[in-house]
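User: I'm new to reading ligand sites. Can you walk me through how to do it?

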Amino acid sequence: MKPFQGVDYYRCDDLLTLEERSVRDTVRRWIDNQYMPKVEEYFDKGYFDPDLIPQLAELGLLGIKIEGYDCPGMSNVDYGLACQELERGDSGLRSFVSVQNSLVMYPIYTFGTEEQKARWLPAMARGEKVGCFGLTEYDIGSDPGNLKTRATKKGGDYIIHGSKMWITNGEIADVALIWAQTEETIRGFLVEKGTPGFEAYDIARKYSHRASVTSGLMLDEVRVPAENLLPGTDGLKSALMCLNEARFGIAWGAVGAAMACYEVALDYAKSRIQFEVPIASFQLVQRKLVKMLAEITKGQLLCLQLGRLKDDGKARHTQISLAKMNNVSEALKIARTARNILGANGVALDYHVIRHMLNLEAVYTYEGTHDIHTLIVGRDITGLDAFSAKASS
Ligand code: TGC
Ligand code: FAD
């Protein structure tokens, strides 16, 4: 496959610092040289290659924004650009990095004790330890405020009982951040692999995110010492703060997947001959390509301004919701359009767009579905809650 040239119709590169471009280009080269040659096999076999983890660590992509604890301490824009390039490779790879960074290292850093930080963060930055984030349950997805997993205080320990579903990295994780209802409120607990009563199992027959590990977790009266509670967690809000971090990276990642699909579709349209001319010469095909480019450009500008706001400490979580909602939805449309432009070849794994399309179906749903983010922004601009029939009656 030829090296990725980037899609930059509005010279967004001019808005990046030299350091930001260097972060982006380093990840871009690694994706081209190390990841792209293997991604079809990973997706085909439904395999996440653990050998990737030390390479991601070497690139400085684990704990990327954390200051200290052997982490690189880079900016939100750096993180976003890395997510863009990772997802240009595959959404499952970006997911691994999102979960390790935003959903496990960020909460340990933000809500943990000094001992918890010193124990986990350097090892996670080196890729020696992997984490997962357990919020969703079989019966509870969009409404995690009603989660059923319980943590009951017993002397100096907590007994955690329940189950989690659709957990990225679950089976390969050394530590699971489990969100559970205590007598007071929802709190986060670190549950280590091998703790009696704690099991992870593969969610098989999955046709999206095939190059990523997705698991169910069983917690059968799991006893953890009170030191495993993240003491700063206090209610659903703490879990939602982690989601803000991950949703931010997803908004950028979606642009990466869209750029990959656009590049394939443009090249294909210029070389595919039908009715004795390249299909790119048909107005209907050009309209599709131009619409793809316009949405990619809008997504790039949206992400960059959101990143700048976040680096200035001014980003609101509703702005992150709008970016996740818009960019994933547009990327999915772009992937479907690319699939269409490629005709029958569009369903072949060799051309990559079907892989991105299938991945984006999951991204549209996880980290808050498209509709949930619509309602979050709707509530923000109207002041009216449309989440439940009870709220609107
Ligand atoms: P609600 O009353 O709205 O909020 C409870 C408290 O939290 C505050 N809050 C937030 N704080 C920080 N960031 C946010 N994004 C926040 N959203 C709300 C809110 O102000 C309130 O604070 P306080 O002080 O008044 O207590 O809660 P609700 O129960 O009505 O639900 C809100 C809702 C629906 C928006 C929320 O629950 C939601 O976002 N649902 C979607 C669930 C979700 O996104 N799950 C993701 C699971 S993890 C995952 O998918 C990983 S995928 C793998 C990968 O990333 O690659
Ligand atoms: P539901 O909440 O049951 O929603 C079903 C439908 O109803 C959706 O269309 C939704 O938009 C709609 N709906 C729900 N409520 C409303 C409403 N109030 N108004 C209008 N429409 C509504 N979770 C984790 O905790 N950790 C992970 O690491 C993780 N990784 C994942 C990886 C993959 C590949 C996938 C697919 C999921 C992952 N998830 C993870 C779970 C994910 O976050 C949930 O699937 C998501 O939050 C939606 O929950 P649900 O699937 O139960 O859908």
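Analyst: Let's go through the two ligands one by one. This is a predicted model, where local features need pLDDT of at least 70, side-chain atom pairs count only at pLDDT 80 or more, and totals for chains, interfaces and linings use all residues. Residues are numbered from 1 along each chain as its sequence is written, chains are lettered from A and ligands numbered from 1 in the order in which they are written, and side-chain values use heavy atoms, leaving out hydrogens and water.

User: Which residues come nearest to ligand 1?

Analyst: A residue is near a molecule if one of its heavy atoms lies within 4 Å of it. Here 24 residues are around ligand 1, and Ser 95, Asn 244, Arg 247, Glu 367 and Arg 379 come nearest.

User: What does a polar side-chain atom of Asn 244 lie 2.7 Å from?

Analyst: For a polar contact, look for a pair of N or O atoms within 3.5 Å. Asn 244 has its polar side-chain atom 2.7 Å from a nitrogen atom of ligand 1, while a backbone N or O atom of Gly 368 lies 2.8 Å from an oxygen atom of that ligand.

User: And where does ligand 2 lie, and why?

Analyst: Domain bounds come from an automatic or database domain assignment. Ligand 2 lies between domain 2 (131-234) and domain 3 (237-392), because both give residues to its shell. Its surroundings count 17 residues, with Thr 136 and Thr 369 among the closest. Thr 136 places a polar side-chain atom 2.7 Å from a nitrogen atom of ligand 2, and Thr 369 places one 2.7 Å from an oxygen atom.

Terms used: A polar contact is a pair of N or O atoms within 3.5 Å; within protein, one must be able to donate a hydrogen and the other to accept it, and residues adjacent in sequence count only if both atoms are side-chain atoms.
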